[in-house]
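Hi,

Here is the structure I promised to pass on. Have a look at it first, and then read my notes below.

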Amino acid sequence: MRGKAGLAALALLGSLALRAQDDGFAPRAQGNAAVRAQGDGGAAARAVVLIVVDGVRWQEVFNGADSALLTRRPGGVNDTLAIRREFWRPTATERRSALFPFLWGTVATRGVIWGNVTEGSDAHVTNGLKFSYPGYNEMLVGVPDQKIDKNEYGPNPNVTVFEWLRMRKGFKGRVAAFGTWSVFNDIFNPKQSGVFVHAGWDPPPGRVKGATERTIDRLYRTTIRYWDDNTYDAFMQSVLLDYVKAKRPRVLFVGYGETDEWAHARRYDLTLRSAQRADDLIAELWRTMQAMPEYRDRTTFIVTTDHGRGSGDKWTDHGRDVEGAEQVWIAMVGPGAPKLGAVKGGTAVTQSQIAATVASLLGENYFKSEPRAAPPLIGTRP
Ligand SMILES: [Zn+2]
């Protein structure tokens, strides 16, 4: 069902039609009219980064720390005074800015964020399962797959938008995925897709050159693993930044996983700290890329989560039977992103719309690959 032969034929046609195009970052005249019309008035993005912070609830994104969880029970917080000092503020606006300074200070200010249920903005997953693999598959393929009903499903049989873009002219060797969770090796299925993947505790790729690389390599090999299948966000970030500087990907996935792990462990203090740190790591990636001429003002970030979680005592959990865990949030900033700020009301948006959005931002029509995909969040379905 992968349709490899069809894809190859499409790619060949594409390469014949677009032969004159470069595969680097030189500006090109053409773009996606829909993106231009609905976006910031500029050209389509040259690079898109899809960033997922695993299992972060809309409640924290829009309201900041939840006072009911800054507690021993049900929050699992020992030093409640310290955590209140770090994250409690009188208003929701102040609390969310303290928790996610980059998301609120840059992304939502210059771009858009959907998913504030309280304000009538509905962003949800359509897979019905409300856990990770089905969610990542939905956002990467554009349509849920009922066969994928466990995280241990194994190699993904579907063609993701990342795999499809890699076949397009100008993207070969420029599509990569980094994630702390080892299951990204299945989700992106690099053997089949050709997408470069670095996941979990895999040793850092490439030759060890200098002292910094040696240190990172050592830490990957020698640090005691708290989770067998998930490395620390900070470790992955070092490998990611090195890769971005060296290989300059045009389509990049980044998956931060600590937030979900600490929530399952009922540690609201560490859940908040890892969420705040993830926001800081995203800001660092943004600054790094904006400092590189080929990315500056040509790079769009999509920041989202793979599923929500329950509320009250169920805040630690998510899954098919957990009420409210279908609610997510989706934010976007950069060329092509609508400047709507925090959306109130409006039509519901879905996780399945992300795949076509990634392609559309790059001026590519994903429906050629997956006609069942949900329409992009920007522009209109071609
Ligand atoms: Zn989880």
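To start, in which loop is Asn 189 found? Asn 189 sits in the loop between helix 9 (184-187) and helix 10 (190-193). Keep in mind throughout that this is a predicted model.

Now the overview. The protein has 15 helices and ten strands. Of its 382 residues, 52% are buried. Among contacts with a separation of 6 or more, 70% are between residues 24 or more positions apart.

Next, the core. The largest nonpolar core holds 102 residues. Those with the most contacts inside this core are Val 48, Ile 51, Phe 162, Ile 330, Ala 331, Ala 355 and Val 358. Which helix gives the largest share of the core? That is helix 14, with nine residues.

Two of the names in that list, Ile 330 and Ala 331, bring us to strand 8 (residues 330-333). As a reminder, side chains in a regular strand alternate between the two faces of the sheet. In strand 8, Ile 330 and Met 332 point one way, while Ala 331 and Val 333 point the other way. Are these residues buried or exposed? All of them are buried.

Strand 8 has these partners:

- Strand 2 (residues 112-114) runs antiparallel to strand 8, and three bridges join them. Here Ile 113 has Ala 331 as its bridge partner.
- Strand 7 (residues 299-304) also pairs with strand 8 in the antiparallel sense, over four bridges. Here Ile 302 has Met 332 as its bridge partner.

Leaving out residues up to four places away in sequence, Ala 331 touches Leu 103, Val 107, Ala 108, Gly 111, Val 112, Ile 113, Val 303 and Thr 304.

Strand 5 (residues 196-199) is another one with both faces covered. Phe 196 and His 198 are on one side, Val 197 and Ala 199 are on the other, and all are buried. Strand 5 runs parallel to strand 4 (residues 175-179), and four bridges join the two. Within that pairing, Phe 178 stands opposite His 198.

Now for some helix packing. Two packed helices are described by the angle between their axes and the distance between the axes. The axes of helix 12 (residues 233-247) and helix 14 (residues 268-290) come within 11 Å and cross at roughly 10 degrees. Why do these two helices count as roughly parallel? Angles under 35 degrees count as roughly parallel, and helix 12 and helix 14 are therefore roughly parallel to each other. On the helix 12 side, the contact is made by Asp 233, Gln 237, Leu 241 and Val 244. Helix 14 brings Ser 274, Arg 277, Ala 278, Leu 281, Thr 288 and Met 289. Sorted by type, the contact residues are five nonpolar, three polar and two charged.

Not counting residues up to four places away in sequence, Thr 288 touches Leu 241 and Val 244. The C-alpha atoms of Thr 288 and Lys 245 are separated by 8.4 Å, though these residues are 43 residues apart along the chain. Thr 288 is partly exposed, with 14 other C-beta atoms within 10 Å.

Thr 212, in helix 11 (residues 211-222), is exposed, with 11 other C-beta atoms within 10 Å. Thr 212 and Ser 238 are 26 residues apart in sequence, and their C-alpha atoms are 9.1 Å apart in space.

Last, some backbone details from the loops:

- Arg 248 has a positive phi, near 50 degrees, and is a residue other than glycine. Arg 248 lies in the loop between helix 12 and strand 6 (251-256). With 18 other C-beta atoms within 10 Å, Arg 248 is partly exposed.
- The peptide bond from Arg 73 to Pro 74 is cis, with omega near 0 degrees. Pro 74 is in the loop between helix 3 (58-63) and helix 4 (80-87).

Cheers

Definitions and conventions
Residues are numbered from 1 along each chain as its sequence is written. This is a predicted model: local features need pLDDT of at least 70, side-chain atom pairs count only at pLDDT 80 or more; totals for chains, interfaces and linings use all residues. Axes are lines fitted to C-alpha atoms, for helices over the stretch in contact, and angles run from 0 to 180 degrees between N-to-C directions. Angles under 35 degrees count as roughly parallel, over 145 as roughly antiparallel, 65 to 115 as roughly perpendicular and the rest as oblique. Two residues are in contact if their C-beta atoms, placed from the backbone, lie within 7 Å. Ala, Val, Leu, Ile, Met, Phe, Trp, Tyr, Cys and Pro count as nonpolar, Asp, Glu, Lys and Arg as charged, and the others, Gly among them, as polar. A residue is buried if 20 or more other C-beta atoms lie within 10 Å of its own, exposed if 12 or fewer, and partly exposed in between; C-beta atoms are placed from the backbone. A nonpolar core is a set of buried Ala, Val, Leu, Ile, Met, Phe, Trp, Tyr and Cys residues joined through C-beta atoms within 7 Å. Two strands pair if DSSP finds at least two bridges between them.
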